[in-house]
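Please look over the sequence and the model shown here before reading on. The paragraphs below go through its parts in turn.

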Amino acid sequence: MPEGHSVHRLARSLHRSFAGGPVRTSSPQGRFAAGAEVLDGRVLERADAWGKHLFLEVEDDLVVHIHLGLYGDFFRAKAPAPEARGAVRLRLENERWYADLRGPTVCDLLGTEGRDTVLARLGPDPLRRDADPALVRRRITTSRAPIAGLLMDQSVLAGVGNIYRAELLHRHGVSPFTEGRDLTGEVVDAMWADLVVLMKDGVRRGRIVTVAPGDVAALAALDTDRPSSDDPDLDGGEDTPARRRLRRSTGVYVYRRDGRACLRCGTTIRAEELQGRRLFWCPGCQTV
DNA sequence: GAGCTATGTAGAC
DNA sequence: TCTACCTAGCTCT
């Protein structure tokens with residue numbers, strides 16, 4: 001389930017598995033049949049991500065633009081591919097791997113111009129080396145919109161979703177309702193630098209962790225109705241339902257923790273709908 | 001097993 | 001502003 005870090009991770013995985021050789025393409029579901037027919041047998045040159053958008057660059061200047069949306073998924077496994085299960089929009093196959101795309105919001109065949117049109121709508125991506133944080137600073141500090149909305153606006157910066165938004169604001173003590181123009185450039189720069197670190201870590205782990213290592217045990221102890229753990233290194237070991245529950249409760253400070261106490265100040269974390277998305281924050285320590 | 005919720009966006013109205 | 005996308009994990013019964 002995708003924020004920018006998982007799309008970048010997916011792009012790397014697809015690039016490693018398919019780039020540099022011909023790829024068989026099909027659309028078992030049928031909704032991308034025409035595109036798959038054009039692509040079939042061509043060389044996939046590169047898989048790349050910008051924010052939450054995935055681009056498969058294919059020979060002859062063809063580009064597949066994919067956005068996973070809320071519950072899209074690109075499942076990759078070793079060949080041979082079994083019969084497609086569920087609504088597989090696009091299947092990629094070569095001698096060693098296959099990958100099935102299900103439930104995307106967008107799966108379009110474009111040219112390079114079409115890709116550039118998509119990119120023109122997107123702000124800098126913290127996971128890209130060519131990103132310009134000065135542009136983000138300018139867009140935020142000149143806006144009257146609340147920072148919570150700006151962080152989710154993909155034309156301001158690309159790749160941040162609801163979890164990184166909530167966690168970033170908490171880590172910097174910033175109220176989600178503060179207008180962008182009321183934040184200093186220093187605060188915005190610090191948030192950007194933090195995002196770069198957090199999202200790179202997310203790519204490496206394959207999940208979002210914003211809690212500092214020293215806070216993991218204290219956070220688990222706050223949740224009296226959940227199992228505590230003597231071993232805060234929850235990324236290792238056997239994956240059981242209890243460990244998954246514990247990971248969810250200890251990887252973040254505020255996201256989906258409404259009604260629980262804030263680790264920093266003890267105030268009850270709140271949730272509210274803002275522009276159609278649930279927003280989580282601590283009114284006690286997010287005061288900037 | 002049913003029902004609910006969700007890391008998101010595009011397009012219809 | 002509402003709905004489609006049509007998956008998967010969780011909670012409740």
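The model is a predicted one, and its chain A is divided into domain 1, which covers residues 4-120, and domain 2, which is made of two stretches, 123-208 and 281-288. Between the C-alpha centres of domain 1 and domain 2 there is a distance of 29 Å. Where these two domains touch, seven residues of domain 1 and 12 residues of domain 2 take part in the contact. On the side of domain 1 that touches domain 2, helix H1, spanning residues 4-18, gives the most, with four residues. By class, that side of domain 1 consists of one nonpolar residue, four polar residues and two charged residues.

The next part concerns DNA strand B, which has 17 residues around it, and of these Gly-69, Leu-70, Thr-105, Gly-161 and Asn-162 come nearest. Helix H6, which runs over residues 162-171, supplies at least two residues of the surface near DNA strand B, and strand S11 likewise supplies at least two. Sorted by class, the surface near DNA strand B holds six nonpolar, seven polar and four charged residues.

Key
Residues numbered from 1 in each chain as written. Chains lettered and ligands numbered in written order. Predicted model: local features only at pLDDT ≥ 70, side-chain atom pairs only at ≥ 80, totals over all residues. Domains from an automatic or database assignment. Nonpolar A, V, L, I, M, F, W, Y, C, P; charged D, E, K, R; others polar. Near = placed C-beta within 6 Å.
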